Amino acid sequence: MEFTENISILLISLFFALFAFFKVGLGWNQKRLNRFIAVYSVFLYATWFPPGALLLLAQGIYMHLVSPGIFRGKKGILGFSISLNLAILGFFKYYNFFVSNIFGVGHYSLELILPLGISFYTFTIIGHFVDLNRRKTQPMENIFESMLFVSFWPHLAAGPILRSKNMFSSMHQRFSFTRKDLMLATTLILWGITKKLLFADNLGSYVNWNIGYGISEMSSVDALATVVGYSAQIYFDFSGYTDMAIGLALLVGFRLPANFNYPYRAVSLGEFWERWHISLSTWFRDYLYIPLGGSRVSKGRNSLNIMVVFLLSGLWHGAAWNFVIWGGLHGIVLVLEKRFSKLFDRIPVVLRYILTMSIVVIAWSYFRLSFSDANLILSKVFMIGNEVRFITRQTPHHILPLFIGVAFVSLDHLLQVYKVNRQGEIYLTERKMNLLWVAALFLLALFLSGHEQPYIYFQF
C-alpha cells in the first residue's frame, strides 16, 4: 500500500490501464466504473493482508444493510452500529494497551495485527451513519457503492477521512475530466512523491540516526535539529501521502477535499488545527465537539469539551500514553487560547507565530518519543541541567541536513504550489515557476531519495 513501492506502482498502473479500457474502449457508464473501482479497491487491500480485506468487506456489507434503517430514524440501530464499529476498532487497536495498563505487560495480551487504515475507514463509516440519521445524506444505492465508499483505495491507508457528500457527487455524475483537472492531479501526484522521497525519507533517516545514537549524547543544537527535523518529516510524509491520494482520486473523477493547508503558517494553535489534518479535525468538530455542546455551553463545560476532543484525538493516533500526552498538550493550549483570547490577540503576530510553532514542536516530541525521552530531548533544547551543552566541536549527530529540510518547509509554505478555497477545494496557483519548481524537485527526488521510511500515519 506504499504508493512509492514498485509493486504498488505496478498495481496502480494496472488499475488506470483497466479503468481507461473500460471507460474509453468499452464505453462503461459511471455505475459500472464504480463497481470496478470498488472491486479493485478491495483487491488492492487484500494484496497487503487478506484477513484484513475480509474485515473490510464485512464492515462494508453491514453498513449497506443497516443504512436504510438509520436513515428512517431508528436510533437503536444507529447506537448499536456506532458501538459495533468502535468495538472492532477498540479490539484491534487498544486491547493490548488497556490490558497491559490494567493487568500488567504480558498478561492477557494478544498478538494482533492492526488492519491498515482501520482508524480512517471506521471514522468514515461512523460519520456516514450520523449523516444518515441527520438526513444530510442518503443510503448508497447498491453494495458496490457502499464498498466503494468504505474501501476507496487512494484514501484508505492514511486518509483523508471521507464524507458521504464528497463521494455521492462523484459517484452519481457522469465522469468528466478537464485539462485543468489533469494539470492539478499530475502536480499533486508529483509533488506528493517529491515530499515523500526527497524530504520525508531523507529527514526520517537523519532523525532516526540521531535518536538511535543517543539523546543523552546530544548537544542543545543536536536536540533542536532533531525535534524540528521530525516536525518537518511528519508534515512532508503525511501531506505528501494525501496530495498523492487526492491527485490519484481526481484521475478517476473523485474530488476529495484538502487535508492540509500549509499548517506551519499558523499564528495560533486553533488556526493550526484548521490547517493540519483537516478531515480529522472537522470530523471531531462535527461528530463530537458540537454534539457535546461545542461553545454554546458554559466556559468550564466548553473547556472540558475541548479537552475530551483532544485527548481522544491523541488516543485515536495511537494506543500509547505519549499520544494522549500529545493530544492533552494541544487541548490545554487551545483552552488557554480561548480563555485569554483578548490578551493573546494583543501579542505581536511574529511572537504569536514563534509561540505557536514552539508549542507544536514541543508536542511533536511527545508524539515521536516516549515520555522520558521527550523530556530528555526537550531539556537539551532548552539547556536545562548541568551537563547540557549548547554545541560540541565534533558530534556524531546530523544537524545541517535537518535544518535544510526545515528550510524546504518554509519554501513550500511561501511558494504554495496549490491553494485551498473556503469550500476546502484545492486549486493550482497561476505561477508557472511553481510547476517548474515541482518538476525540478521531482527529478531530484528520483536520484536523491532517502532510505525508504514507512508512512508515519499507516500505523494509525
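This is a predicted model: local features need pLDDT of at least 70, side-chain atom pairs count only at pLDDT 80 or more; totals for chains, interfaces and linings use all residues.
Now the overall picture. The protein has 19 helices and two strands. The C-alpha trace spans about 70 × 50 × 50 Å along its principal axes. For 460 residues, a compact globule would have a radius of gyration near 23 Å, and the protein has 23 Å, so the two agree. Of the 460 residues, 55% are buried. If you take contacts with a separation of 6 or more, 75% of them are between residues 24 or more positions apart.

Next, the aromatic pairs. Searching the whole structure gives 48 of them. I'll show two.

In one, Phe152 and Phe254 have ring centres 4.9 Å apart and planes at 40°. Why is this pair called tilted? The planes are at 40°, and an angle counts as stacked under 30 degrees and as edge-to-face over 60, with the rest tilted. Phe152 is in the loop between α6 (143-151) and α7 (153-156), while Phe254 is in the loop between α10 (220-250) and α11 (269-275). That puts the partners 102 residues apart, and the pair links distant parts of the chain. Both Phe152 and Phe254 are buried.

The other pair is Tyr262 with Tyr418, also an aromatic pair that is tilted, at 5.6 Å centre to centre and 35° between the planes. Tyr262 comes from the loop between α10 and α11, and Tyr418 from strand β1, residues 418-420, so the pair ties together parts 156 residues apart in sequence. Are these two tyrosines buried or exposed? Tyr262 is buried, with a relative accessible area of 3%. Tyr418 is buried too, at 2%.

Last, a polar side chain. Thr124 is in helix α5, residues 118-133. Its relative accessibility is 0%, and Thr124 therefore counts as buried. What does the side chain of Thr124 have within reach of a polar atom? The backbone nitrogen of Leu162 is 3.3 Å from a polar atom of that side chain. Setting aside neighbours within four places in sequence, Thr124 is in contact with Phe149, His155, Ile161 and Leu162.

That's what I have on this model.

Definitions and conventions:
Residues are numbered from 1 along each chain as its sequence is written. Side-chain values use heavy atoms; hydrogens and water are left out. Rings of Phe, Tyr and Trp (its six-membered ring) pair if their centres lie within 6.5 Å; planes under 30 degrees apart count as stacked, over 60 as edge-to-face and the rest as tilted. Helices (H or I, at least four residues) and strands (E, at least two) are DSSP runs, numbered from the N terminus. Buried means under 20% relative accessible area, exposed over 50%, partly exposed in between (1.4 Å probe, protein chains only). A polar contact is a pair of N or O atoms within 3.5 Å; within protein, one must be able to donate a hydrogen and the other to accept it, and residues adjacent in sequence count only if both atoms are side-chain atoms. Contact means heavy atoms within 4.5 Å. The radius of gyration is taken over C-alpha atoms; the globule rule is 2.2 Å times the number of residues to the power 0.38.
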